[in-house]
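This report looks at how the parts of one protein model meet. Please read it alongside the sequence and the coordinates shown here.

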Amino acid sequence: MAKEIVLSGIRATGNLHLGNYYGALSKFVKMQEDYDSLFFIADLHALTTHPDPKTLHTNVKNIIAEYLAAGVDPDKATIFVQSDVPEISELYLLLNMHVGIGELMRTASFKDKARKALGIKTDKDEEDIEKEIIGNESNKRVNAGLLTYPTLMAVDILIQKANKVPVGKDQEQHLELTRRFARRFNSFYGVDLFPEPENFNFGGNAVKVPGLDGSGKMGKSEGNCIYLIDEEKVLRKKVMRAVTDEGPKVPNSPVSQPVENLFTLMELTSAPEVIQQYRDAYADCSIRYGDLKKQLAEDILKVTLPIRERILDIQNDDVLLARVIKQGADRARERAAKTLSEVREIMGIKKFY
Ligand code: TRP
């Protein structure tokens with residue numbers, strides 16, 4: 001039986017952090033053993049926020065290097081750059097003919113980004129926000145690429161006929177739209193072309209990697225990240241500065257969110273007996289956060305430093321990078337071209353010559 005197809009992408013907006021590593025990369029490394037896997041860098045999606053052109057190019061290169069350094073293997077998985085597959089852009093145009101502007105406008109990520117772009121306050125109700133987005137005549141603009149972001153993402157998935165798409169919670173709505181577009185296309189033309197992709201949580205629960213600022217998830221825009229590429233000194237400093245609290249005053253106190261976050265990071269990187277030692281110290285109030293942080297930094301470095309070394313090597317190896325990117329592009333294009341020609345045929349776009 002043919003292997004199931006797994007596909008996932010990451011927007012080319014910056015270096016990869018520990019959240020990306022535990023949430024995505026480390027799982028990709030396992031998936032590539034059992035699935036027909038495709039992992040790509042979504043550079044076209046990154047254009048919605050108008051990155052500096054030089055930075056965009058470097059970001060794409062860095063992320064590829066980070067994929068490889070983390071163990072994604074170009075001979076097991078197809079690693080490619082979205083813009084290397086022009087078939088995606090063509091299918092994006094075709095699929096848009098079956099996508100409603102209303103459903104795109106109601107997408108949570110769109111509303112949120114549009115609201116921010118126009119400086120609309122969150123306390124307004126949904127309907128007023130929608131009206132303001134449409135009625136806006138200031139020189140601020142919400143670009144159409146932002147609106148059709150879900151179409152492009154659906155095309156990434158459908159053009160490869162992926163069955164499983166590992167993504168975080170924030171992308172679930174996009175995946176739901178992808179399924180809807182697939183169903184709609186299939187039933188409109190009476191075909192069975194696109195499988196409906198499902199979210200894929202390899203090996204159980206989604207890991208939520210917290211940031212160092214005492215709040216929620218580690219995220220680029222939160223400024224609370226540990227990057228795989230962080231130098232030893234920088235990383236130690238970040239961890240030592242992580243938000244904590246005043247410390248437990250009475251035995252067996254509940255653990256505050258900022259401190260629990262540090263324990264969560266320990267769960268990912270430290271040995272069980274080390275974690276237990278600090279849990280016990282917390283319970284009997286003898287804990288010193290400075291010691292815990294030193295230990296945590298040490299254990300994180302054991303994970304990230306070898307990866308950092310490899311990233312630096314690979315970034316300097318243009319020949320390797322070119323070979324890997326070309327090989328991935330060829331494979332991804334071949335499959336995309338096949339789907340695109342099926343779609344053209346189905347929609348009645350046929351050559352006269
Ligand atoms: N939108 C995804 C994100 O921001 C990135 C992405 C683009 C993607 N195309 C995709 C993820 C296709 C999975 C499948 O994280």
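Predicted model: local features only at pLDDT ≥ 70, side-chain atom pairs only at ≥ 80, totals over all residues.

What follows describes the domains and the interface between them.

## Domain layout

## Extent of the interface

Where the two parts meet, 9 residues of domain 1 are in contact with 10 residues of domain 2. Together, domain 1 and domain 2 bury about 770 Å² between them, and carbon and sulfur atoms account for 74% of that area. On the side of domain 1, the residues that lose the most area to domain 2 are Leu-18, Tyr-22 and Ala-69, which together make up 63% of what that side buries.

## Polar and charged pairing

Polar contacts, by contrast, do occur between domain 1 and domain 2, where 3 residue pairs are counted, with both residues of a pair at pLDDT 80 or more.

## The face of domain 1

Two elements, helix 1 (18-34) and helix 3 (53-70), each give two or more residues to the side of domain 1 that touches domain 2. Of the contributions to this side, that of helix 3 is the most, at 4 residues. By residue class, the side of domain 1 that touches domain 2 comprises 7 nonpolar and 2 charged residues, with no polar ones.

Definitions and conventions. Residues numbered from 1 in each chain as written. Heavy atoms only, no water. Contact = heavy atoms within 4.5 Å. Buried area = accessible area lost by both parts, 1.4 Å probe. Polar contact = N/O pair within 3.5 Å; in protein donor to acceptor, adjacent residues only side chain to side chain. Nonpolar A, V, L, I, M, F, W, Y, C, P; charged D, E, K, R; others polar.
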